[in-house]
Structure formats: C-alpha cells, structure tokens
Amino acid sequence: MAKTALVPIADGIEELEAVTIIDVLRRGGVQVTVASVQTLQITASRSVKLLADCLITDCLSKTFDLIALPGGLPGAEHLRDCTALTEMLKKQKSEGRWFAAVCASPAVVLASHGLLSDRQATCYPSMQEKIPHYNPLRVVVDKNCITSQGPGTALLFALELLSCLHGPSAAAKVASAMLVDWKPV
C-alpha cells in the first residue's frame, strides 16, 4: 500500500516550501493530498496562486502516514488557527505517525499547540525562542516529528520526509535524479 501525506495550505504560506514538499513526496511515490484550511484556491506569500485538492474538512475521517506543514506568514497563523488541523496534528502525534513543519510553522503551529513540549525541533531562526527544545540544525528528526528552518532548507526537509516514509534509499534515488547531494539526518 502506498504511503500517504497531507500538506495543508492557506493564504500566505511559503509557496517554495509547499511545492517542494509536494513535488519531492510525489516523485518518491507518496500519495499527497493538498488540503486548504480556507478556500480551494489560495494566494501564497509571493502572490503565487495554488489550488488545493480539497478542503481540510474533507480529510477529517482519513488517516495519513505524514502531515507536513509549509511555513510562511501569515500562512502559518492560518494553519495554527484551524481547529480541524490542530485536532488532526494532535491525533497524528499521539498515534505515533509522522508530523512535520518547516520555517515559521514549527514555532507558530506546533509549539503553540504543545506538540513540541517533548521534542527537539528547529524553525526559522528568528522564532527559535518559541521552541521549547531548540536545535540549530537545518533539519531535525525527533521521534515522529520532523522540523526544518525555512525556504533554503526546503529540499533537504522534503527529502528527509521521504526518507522517513520510504527509507533512505528511496530519498537518495529522488535526490540523485534532482542532482542533489543528500544524506539522511
């Protein structure tokens, strides 16, 4: 059975991070669902329009192997304020399935809801004081949580997500085809 991932989006998310996550996971054979916490079409932080597959409420009864949050502001704030997404993330953590966030989202979404109280994590450096157990590495994996710092680390982050779902060899294969020098965390 194919692995599944949910990538929530909202107005103001960082499009580079969102598209990189979606692209790398799909290249690696993961079935990715892009779900908006607002309307189907959103406007990302640099005015790029993105079209979601569905709304987050359409995903409430589904189980995903991974939920991966792009960052950006005010996108991360919209993700944080979505009750349905918050409940999905809490369930994801408690059931031992992967949850992940990059850039502002580890601090704004995950830390705000107590999801990092027992995990080392990283985030956009200017927000590090909001992370209870901050780790300055570009990508951090702790138990079933993966975090990363921002747009410049989005490709490394996405490859680590793929590695956690399908193993390092699957991620290395995708990285090689993309001409990326990558090693697992």
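In which sense do strand S6 and strand S7 pair, and over how many bridges? Strand S6 (residues 66-69) and strand S7 (residues 98-102) pair in the parallel sense, over four bridges. Two strands count as paired if DSSP finds at least two bridges between them. The model is predicted: local features need pLDDT of at least 70, side-chain atom pairs count only at pLDDT 80 or more, and totals for chains, interfaces and linings use all residues. Residues are numbered from 1 along each chain as its sequence is written, and side-chain values use heavy atoms, with hydrogens and water left out.

**Sheet and helices**
- The protein has six helices and nine strands; these are DSSP runs (helices H or I, at least four residues; strands E, at least two), numbered from the N terminus.
- Seven strands form an open sheet in the order S5-S2-S1-S6-S7-S9-S8, with mixed pairing.
- Strand S5 (54-55) and strand S8 (139-142) stand at the edges with a single partner strand each, so one side of each has no neighbour in the sheet.
- Leu66 has Trp98 as its bridge partner in S7.

**Ser36**
- Ser36 lies in strand S2 (residues 31-36).
- Ser36 counts as buried because its relative accessibility is 0%; buried means under 20% relative accessible area (1.4 Å probe, protein chains only).
- Leaving out residues up to four places away in sequence, Ser36 touches Ile9, Ile42, Ala52, Cys54, Leu55 and Ile56; contact means heavy atoms within 4.5 Å.

**Whole protein**
- Buried residues make up 55% of the 185 residues.
- The C-alpha atoms fill a box of roughly 35 × 35 × 35 Å, taken along the principal axes.

Key
Buried means under 20% relative accessible area, exposed over 50%, partly exposed in between (1.4 Å probe, protein chains only).
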